[in-house]
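Have a look at the structure first, then read on.

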Amino acid sequence: MRVSSGVSGFDDLVGGGLPAERLYVVCGPPGSGKTTFSAQFIADGAANGDRCLFISMHESRADLERDMAAYDFGFEGALDSGAVTFLDAFSSDGKRFFGMPGDRRDVNSVTNRISSFVESRDIDRVVIDSTMLLRYLLDDEENTTMRVLSALKRTSATTYLISEMTDPSAYADEHFLAHGVVFFHNYMEDDGMRRGLQVVKMRGADVDTDIQELRFTDDGLVVGDDGTVTH
């Protein structure tokens with residue numbers, strides 16, 4: 001079973017879509033397109049009748065809606081549709097769900113709470129933004145983050161984990177744990193800044209691992225040569 005990404009040109013790189021019910025790490029430097037890529041994944045899920053969960057540890061719902069309002073892929077409509085549960089980790093609901101740094105939290109309780117939420121609501125797609133603040137919130141002295149990700153990996157959801165990784169050769173634990181790793185590149189050429197996308201790892205799929213052109217358009221991110229650049 002395959003899951004569409006909602007990003008034009010990407011599914012062709014991974015054999016027609018992402019293998020479903022797996023964990024994927026979406027990584028790269030700031031401003032490279034990771035959150036937009038993930039928002040398109042959620043909007044596509046809502047449009048196809050999937051139940052989705054977006055856990056944000058960087059931005060409120062209102063801020064993310066404003067950021068995505070420049071595009072036509074319908075993120076705001078997805079959030080309003082009832083198909084998407086948006087959880088701001090620093091909101092009152094988020095604090096009740098995760099607790100706050102310094103609180104004494106039972107690792108099994110946090111892990112079970114997240115996986116049970118996904119399973120009990122039949123969530124099909126999950127985005128967690130990001131590993132950096134997940135570790136901050138969950139206090140990683142007992143490797144809580146990896147236990148949470150391992151639990152998510154065993155659910156029936158297809159999960160994106162956003163990682164602020166800047167070196168594609170410097171792997172972290174979550175990259176080995178994940179079924180797939182997608183890396184976003186920012187690089188300079190003579191005519192200015194360029195962006196690229198690279199599928200570094202994808203279990204269960206024949207993939208093109210070369211760096212592909214990545215552009216921002218009115219329809220969101222586009223991989224390859226289709227679309228008109230507007231951002």
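## Ground rules

Buried means under 20% relative accessible area, exposed means over 50%, and partly exposed is in between (1.4 Å probe, protein chains only). This is a predicted model, so local features need pLDDT of at least 70 and side-chain atom pairs count only at pLDDT 80 or more, while totals for chains, interfaces and linings use all residues. Residues are numbered from 1 along each chain as its sequence is written, and side-chain values use heavy atoms, with hydrogens and water left out.

## Cysteines

Cys27 is buried, at 0% relative accessible area, and Cys52 is buried at 0% too. Searching the whole structure turns up zero disulfides (a disulfide being a pair of cysteine sulfur atoms within 2.5 Å).

## Salt bridges

The whole structure holds seven salt bridges, each a side-chain nitrogen of Lys or Arg within 4 Å of a carboxyl oxygen of Asp or Glu. One of them pairs Asp50 with Arg125 at 2.9 Å, N to O. That pair links distant parts of the chain: Asp50 sits in the loop between helix H1 (34-47) and strand S4 (52-56), and Arg125 in strand S6 (residues 125-129), 75 residues apart. Helices (H or I, at least four residues) and strands (E, at least two) are DSSP runs, numbered from the N terminus. Both Asp50 and Arg125 are buried.

Over in helix H2, Asp63 and Arg66 lie three residues apart, about one turn of the helix. Their closest N and O atoms are 2.2 Å apart in a salt bridge. Asp63 is partly exposed at 31%, whereas Arg66 is exposed at 56%.
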